[in-house]
Amino acid sequence: TPSQLTGLTLNPIDTTIQVNWTLPSDPCPADGIFIIWSPSNLPSSVVLPGGMDQVDPTATSYTIRSLEEYITYQVDVVIGNAAGNGTAATANVTTDPVVPSDAPNGLIEISRTDDYVNFTWIPIDYLDQNGPNFQYVVFYAYEGSEMNTTTDMTFKQLMNLMECTQFNITVGTQNSKGLHARKSDILTFITPVISIPSAPSDLTLTPTDTTIQVDWTLPSDPCPADNITVMWSDSITVMWIPAPSACPGIADGMMVISSTDTSYTIMGLEEYTPYEVSVLISNAAGTGPSTSDTKTTLPIKPSQVPATIT
């Protein structure tokens, strides 16, 4: 049988392997040279065929084509003649890596609380990873910013999320050669409101004889308010019995107004009466602390003398 060939070298170029060898100096001519290749070190769940070809007995090179990216192949080269096949020369080589050729699908939320979310996705095929240091890249965008984190798994937990914020999550793939251009479909959710509003500031009361103009500045809270409540109550102790024709006005009152308002006019008040006014802001988490002040409505000329002095 033929001697074993020598000088076997394998040169990977993209998805091909250039195979070169040196023929032995045998007294009898060879009938043919057989090149056999097969993938090695694959996970048990991955099935990938190999191949075989025969070349002229005087050939000293062969190109294996249409291979998978970043797969280790074992290549055997055997010389045969009429007496049988010689001993195979064997070598291993890994084809060139490229960026991953796919992105995951099926991105879904598993569970969520006030400040974290768990989600998962369908992994890409092993043969689409295409390179070393393969990872999934989780992108999460909010308020005009985008952050990312990596994982080897097919699920992720994001923690310490800002309240009342919309998050858009996508998942991509990367290896040492770079990031695949496509990402998964977007998973969108809004974190709940967990903090009550702050108190309004710069409360200003401007009275007339029967009205008080109330102005304030809204706080810069992260979560939107649902509404604003203006409450008022007179704080005078009655020291006389009003004349029968006197109009009592409004002693206590409350009004719920729009969450974006910064002013309100209380009307129908008693003249020359101190009123305590409070402004409170509410959202889905509850009602925040109030801001309060007291002002006296302006006096007018008396229209009657009190009927009874006590």
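**View 1. Thr63 and Gln18 meet through their side chains.** In this predicted model, the side chains of Thr63 and Gln18 make a polar contact of 2.6 Å (a pair of N or O atoms within 3.5 Å; within protein, one must be able to donate a hydrogen and the other to accept it, and residues adjacent in sequence count only if both atoms are side-chain atoms). Thr63 sits in strand S5, residues 61-64 (strands are DSSP runs of E, at least two residues, numbered from the N terminus; helices are runs of H or I, at least four). With a relative accessible area of 19%, Thr63 counts as buried (under 20%, with exposed over 50% and partly exposed in between; 1.4 Å probe, protein chains only). Skip the neighbours within four places in sequence, and Thr63 is in contact with Thr16, Ile17 and Gln18 (heavy atoms within 4.5 Å).

Residues are numbered from 1 along each chain as its sequence is written, and side-chain values use heavy atoms, with hydrogens and water left out. Since this is a predicted model, local features need pLDDT of at least 70 and side-chain atom pairs count only at pLDDT 80 or more, while totals for chains, interfaces and linings use all residues.

**View 2. Pro104 is tucked into a loop.** Pro104 is found in the loop between strand S8 (89-94) and S9, and it is buried, with a relative accessible area of 1%. Not counting residues up to four places away in sequence, Pro104 touches Trp121, Ile122, Ile124, Tyr136, Val171, Gly172, Thr173, Arg182 and Ser184. Gln166 is 62 residues from Pro104 in sequence and 22 Å away in space, C-alpha to C-alpha.

**View 3. Three strands make an open sheet.** The order is S9-S10-S13, with antiparallel pairing (two strands pair if DSSP finds at least two bridges between them). S9 (105-112) and S13 (155-158) are the edge strands, each with a single partner, so one side of each has no neighbour in the sheet. From one strand to the next the twist averages 20° (axes are lines fitted to C-alpha atoms, and angles run from 0 to 180 degrees between N-to-C directions). S10 (residues 117-122) is joined to S13 by 4 bridges; for Thr120, the bridge partner in S13 is Phe155.

**View 4. The chain as a whole, for context.** The secondary structure comes to 0 helices and 26 strands. Along its principal axes, the C-alpha trace spans about 145 × 25 × 20 Å. Buried residues make up 36% of the 310 residues.
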